[in-house]
Amino acid sequence: MKDVELAHIVEQLSMEPEESLTLQQVVDQAVRYVPGCDMGSVFVRRNGTVEIAATTDPSATRVDDLQFEFDEGPCLSVLQEHEIASVPDTATDDRWPRWSDGAVEHGVRSALSLRLAIEEPYLACLNMYSREPRGFDGEAVDLGVVYARLASVAILQAREVSGLRSALNNRLIIGAAQGILMERYGLSLNRSFEVLRRRSNETNTKLHDVAQGLVDGLEIRD
């Protein structure tokens, strides 16, 4: 892959500020740049729960669903223990026999799954599927590994931006709730925050949710 292509990939992956949109870019660009990749998806594991976060093709979704149905497959293996899983031919692979048989039925003849470099409790895996047996040669696997690293950086960046945006929104909601209490009951800034925090502790509710409730019209008394 040429430097200009790498630069373009990085640019494309970094364009989306939202995590979900970045994940979709990851699979879209994989189909475009990784030789042999006809369709793809991303699995995400958050706190023990695995879900399909992005996909490019209905066939990929069906093949992904088989991994959940049979509790076996290359991506689940990558999320659990390995960093890479290659299936040169689903018609002959015997590591995940039920999944492999189903993949053949849906037109997927080879697969490459790569763990994205994201740490617990959030893990992600990129699935790349080919309609041809041995669709991913050695060069394609090496390129896929490089691409997975670029994708990991983009996802981490998007998650950080999303986290900052969420934190800012929380502060704005809490500030609005303090303003309501100050205006309604003549409280000081510090006292209004203490009222919110006390309510949070008494009801075992997150401070943001208490503040949101007040903004939405619920009554909180000092």
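## Report on a predicted model

Arginine 46 has threonine 49, in strand β2, as its bridge partner.

Strand β1 covers residues 39-46 and strand β2 covers residues 49-55; the two run in the antiparallel sense and are joined over 6 bridges. Together, β1 and β2 make a hairpin that leaves 2 residues between the strands. In the turn, asparagine 47 shows a positive phi of about 50°.

How many aromatic pairs does a search of the whole structure find? The search returns 1 aromatic pair. Its members are phenylalanine 43 and phenylalanine 68, which are stacked, at 5.1 Å centre to centre and with 20° between the planes. The angle counts as stacked because planes under 30 degrees apart fall in that class. Distant parts of the chain are linked by this pair, since phenylalanine 43 lies in strand β1 and phenylalanine 68 in helix α3 (residues 58-70), 25 residues apart.

Is phenylalanine 43 buried or exposed? Phenylalanine 43 is buried, because its relative accessible area of 0% is under the 20% limit. Phenylalanine 68, in contrast, is partly exposed at 33% relative accessibility.

Alanine 176 is partly exposed, because a relative accessible area of 37% lies between the limits of 20% and 50%. Glutamine 178 is buried, with a value of 11%.

| Residue | Relative accessible area | Class |
|---|---|---|
| Phenylalanine 43 | 0% | buried |
| Phenylalanine 68 | 33% | partly exposed |
| Alanine 176 | 37% | partly exposed |
| Glutamine 178 | 11% | buried |

Which residues does glutamine 178 touch, leaving aside those up to four places away in sequence? Glutamine 178 is in contact with Leu189, Ser192, Phe193 and Leu196. For alanine 176, the C-alpha to C-alpha distance to alanine 211 is 7.8 Å, although 35 residues separate the two in sequence.

The mean pLDDT is 86, and 84% of the residues reach 70 or more. Helix α5 (residues 97-105) has the highest confidence, at 97, whereas helix α1 (residues 3-13) has the lowest, at a mean of 56. Where pLDDT is low, predicted coordinates should not be read in detail.

Definitions and conventions: Residues numbered from 1 in each chain as written. Predicted model: local features only at pLDDT ≥ 70, side-chain atom pairs only at ≥ 80, totals over all residues. Heavy atoms only, no water. Buried < 20%, exposed > 50% of the residue type's maximum accessible area, 1.4 Å probe, protein only. pLDDT = per-residue confidence, 0-100. Helix = DSSP H or I, 4+ residues; strand = E, 2+ residues; numbered from the N terminus. Pairing = 2+ DSSP bridges. Contact = heavy atoms within 4.5 Å. Phe/Tyr/Trp six-rings, centres within 6.5 Å; stacked < 30°, edge-to-face > 60°.
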